[in-house]
Amino acid sequence: MCTYLTEKIEISGSAKGGSGWFRVTDGSVYFDHPVHAPYGHTLNIDFLAPAQGPSARVAVELSAESARALMKAIEAVLDSAPAGLE
Amino acid sequence: MYDAVLSETVTISGHEGDAIEAYSARPLTPGPVGGVVVIHHLPGYDRQSKEFTRSLAVGGFNAVMPNLYSREAPGAADPSDAMAAARSQGVIPIPDERVIGEVEGAVDYLKGLSNANGKVGVIGHCSGGRQSFLAAVSLPLDAAVDCYGGFVVGSPPAGHPLAGWEPIVNRTADLSCPLLGLFGSEDKFPSPEHVAELQAALVAAGKTNVLRIYEGANHGFMQVDSARYHAESAVDAWREILNWFGRYLAA
């Protein structure tokens, strides 16, 4: 089924797409059918710059297991970074 | 046998008269032939959905698929970018009223073709399967096919974006045409129990229907290039679809 489930967030940073680096302002996180990954449903993340049009997008589609591993890795790295760097 | 088909991107009048993009495929025969509106799945107006639309034209029908994300990403080169733009703008799920308007515009387009016989059906996959049923209870049509549409029957769980939307099975009495449903035994939304509930509603309302459940098939079993593609079921489903439209969209 289509879950339609989407979390939208404002983000600040950069992403690298097919035409090089660009600043990103919006993120979408959703668990739904993938376009490319070989699974029924995947955890999908879009890094977006809507002001630059729909193609200003870096997308990933991860298995649920991979996505959970990614979450842990991100938390581990941020938690172990020296204080005061954020 | 003359078998030429023309497929191309066109502009049609959609919901509230807005110009939207659509993909049209039609046999270059004088006709008269029936028409089919194709409703794409959630990932969008993609290459595989266009291939499906062309296959209907090869099967002898005029077919048109509105780009449901045309407003959010007009002319986007990559259909998955259009889906992402719509999602980012909070348009997914697309409001039912807008979907009905897009399908109505597509029906008008088909009826206006020079080789049209005036009969029009609708088919959709996944979210489009639900929307196919939605169109068939909202518009005067001649045939409908629901390919594994979720939440025609049953209430979505709390927190689901469709939670609180009235299950459209409650509108079965308004179904304007015969319904073919194609489902997989391994699907959970809709599950075989959901299909049984849909069939009970159709029978209670006296609606012509055939609902098939393919053993071993999962959600999206007709989706080529996907891990869910189930060849044996998909081939038979295509046979059912062409027969269904052949029966109910004939002049």
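Start in this predicted model by selecting helix H5 of chain B, residues 192-204. H5(B) has 13 residues and spans 18 Å from its first C-alpha to its last, close to the 18 Å expected at 1.5 Å a residue.

Next, show the side chains of B:His194, B:Val195, B:Leu198, B:Ala201 and B:Leu202, which are buried residues of H5(B). Look down the axis of H5(B): the buried residues lie within an arc of 120°, so they line one face of the helix. An α-helix has 3.6 residues a turn, so residues three or four places apart point the same way.

What do the buried residues of H5(B) pack against? Select strand E7 (179-184) and strand E8 (209-214) of chain B to see their partners. Then turn to the face of H5(B) directed away from its buried side, where B:Glu193, B:Val203 and B:Ala204 are exposed. After H5(B) comes B:Gly206, with a positive phi near 70°.

Now select helix H3 (residues 96-111) and helix H4 (residues 127-138), both of chain B. Their axes are 10 Å apart and the packing angle is about 75°, which makes H3(B) roughly perpendicular to H4(B). From H3(B), pick B:Asp96, B:Val99, B:Ile100 and B:Val103; from H4(B), pick B:Gln131, B:Leu134, B:Ala135 and B:Ser138. These residues make the contact, and they divide into 5 nonpolar, 2 polar and 1 charged.

Last, show both chains. The contact takes 22 residues from chain A and 26 residues from chain B. On chain A, select strands E1 (6-17), E2 (20-32), E3 (42-48) and E4 (57-62), each of which supplies at least two residues of the side that touches chain B. The largest share, 4 residues, comes from E2(A). By class, that side of chain A has 12 nonpolar, 5 polar and 5 charged residues.

Terms used
Residues are numbered from 1 along each chain as its sequence is written. Chains are lettered from A and ligands numbered from 1 in the order in which they are written. This is a predicted model: local features need pLDDT of at least 70, side-chain atom pairs count only at pLDDT 80 or more; totals for chains, interfaces and linings use all residues. Axes are lines fitted to C-alpha atoms, for helices over the stretch in contact, and angles run from 0 to 180 degrees between N-to-C directions. Angles under 35 degrees count as roughly parallel, over 145 as roughly antiparallel, 65 to 115 as roughly perpendicular and the rest as oblique. Two residues are in contact if their C-beta atoms, placed from the backbone, lie within 7 Å. Ala, Val, Leu, Ile, Met, Phe, Trp, Tyr, Cys and Pro count as nonpolar, Asp, Glu, Lys and Arg as charged, and the others, Gly among them, as polar. The expected span of a helix is 1.5 Å times one less than its number of residues. A residue is buried if 20 or more other C-beta atoms lie within 10 Å of its own, exposed if 12 or fewer, and partly exposed in between; C-beta atoms are placed from the backbone. The arc is that of the directions from the helix axis to the C-beta atoms.
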